[in-house]
Amino acid sequence: MALLPILTYPDPRLHKVAQPVRVFDDELRRLVSDMAETMYAAPGVGLAATQVDVHRQVIVIDVSEAHDDLQVLINPRILWRDGTQYCEEGCLSVPGIYEEVERAQHVGVEAEDADGKTFRLEAHDLLAVCIQHEMDHLKGKVFVEYLSRLKQSRIKSRMEKEARRKAA
Ligand code: NI
């Protein structure tokens with residue numbers, strides 16, 4: 001297992017669109033376990049492959065208190081959505097920024113697991129937010145893009161300043 005470097009906004013690679021997974025092999029399972037390890041170490045509640053510069057439709061999520069309920073969603077698709085919620089979101093690619101975003105309250109999702117088996121999941125509240133947030137990453141979208149242009153440019157310059165400080 002290995003910790004993977006996480007891309008930081010506004011890295012243009014965060015805007016790449018992930019491709020569907022067709023082959024469920026050991027290499028994929030290694031990616032999934034490395035992503036889980038990276039997410040737990042960060043620590044975070046979700047990570048999309050896009051964030052580790054792998055542009056395939058793979059997501060890992062764990063919103064449990066005990067960090068013992070890993071969900072792996074490969075090629076996730078939303079079957080239905082219902083209701084509205086506003087939740088303050090953060091992102092491992094935008095460290096230190098927390099902003100409220102509008103999301104569906106409930107979602108029905110279909111996905112494959114790491115062995116290629118299709119399953120369905122009904123998600124509410126935080127898990128639903130997390131799934132929608134991570135699925136956006138696979139489409140090349142970062143949550144700050146829901147905010148006003150002014151907020152986005154403030155966040156962008158803060159991130160760039162931080163990156164320069166780290167590089168110095
Ligand atoms: Ni994120």
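Reader: Which residue in β2 does L47 stand opposite?
Author: In this predicted model, 3 bridges join β1 to strand β2, residues 58-61, and the two run antiparallel. Within β2, the residue opposite L47 is V60.

Reader: Which residue in β2 is the bridge partner of A48?
Author: β1 covers residues 46-48, and β2 covers residues 58-61. In β2, A48 has as its bridge partner I59.

Reader: Which residue in β3 is the bridge partner of I59?
Author: β2 also pairs with β3 in the antiparallel sense, over 4 bridges. The bridge partner that I59 finds in β3 is L73.

Reader: Are V58, V60, I59 and I61 of β2 buried or exposed?
Author: In a regular strand, side chains alternate between the two faces of the sheet. In β2, V58 and V60 lie on one side and I59 and I61 on the other, and both faces are covered. Buried stands for under 20% relative accessible area. These four residues of β2 are all buried.

Reader: At about how many degrees to β2 does helix α1 run?
Author: Helix α1, residues 26-41, lies across β1, β2 and β3. Its direction relative to β2 is about 40 degrees.

Reader: Which strands stand at the edges of the open sheet?
Author: The open sheet has 5 strands in the order β1-β2-β3-β6-β7, with antiparallel pairing. Two of the strands have a single partner each, so one side of each is left without a neighbour in the sheet. The twist from one strand to the next averages 40 degrees. The strands at the edges are β1 and β7.

Reader: Why are H133 and H137 separated by about one helical turn?
Author: Both residues belong to helix α2, which spans residues 125-138. H133 is buried, and so is H137. The separation is about one helical turn because, within α2, H133 and H137 are apart by 4 residues.

Reader: Which element supplies the largest share of the lining of the largest pocket?
Author: The largest pocket holds about 320 Å³ of space. It is lined by 22 residues, of which V45, E89, G90, C91 and H133 are the closest to its centre. β4 and α2 each supply at least two residues of the lining. The largest share, 6 residues, comes from α2.

Reader: What distance separates the C-alpha atoms of A163 and I59?
Author: A163 lies in α3, while I59 is one of the buried residues of β2. The two are 104 residues apart along the chain. Their C-alpha atoms are separated by 26 Å.

Note on methods. Residues are numbered from 1 along each chain as its sequence is written. This is a predicted model: local features need pLDDT of at least 70, side-chain atom pairs count only at pLDDT 80 or more; totals for chains, interfaces and linings use all residues. Side-chain values use heavy atoms; hydrogens and water are left out. Buried means under 20% relative accessible area, exposed over 50%, partly exposed in between (1.4 Å probe, protein chains only). Two strands pair if DSSP finds at least two bridges between them. Axes are lines fitted to C-alpha atoms, for helices over the stretch in contact, and angles run from 0 to 180 degrees between N-to-C directions. Contact means heavy atoms within 4.5 Å. On a 1 Å grid over the protein atoms alone, a cavity is a set of points where a 1.4 Å probe fits but cannot get out, and a pocket is an open set with protein on both sides within 12 Å along at least five of seven lines; lining residues have an atom within 4 Å of a point. Grid points are joined across faces, edges and corners, and a volume is the space filled by probe spheres set on the points.
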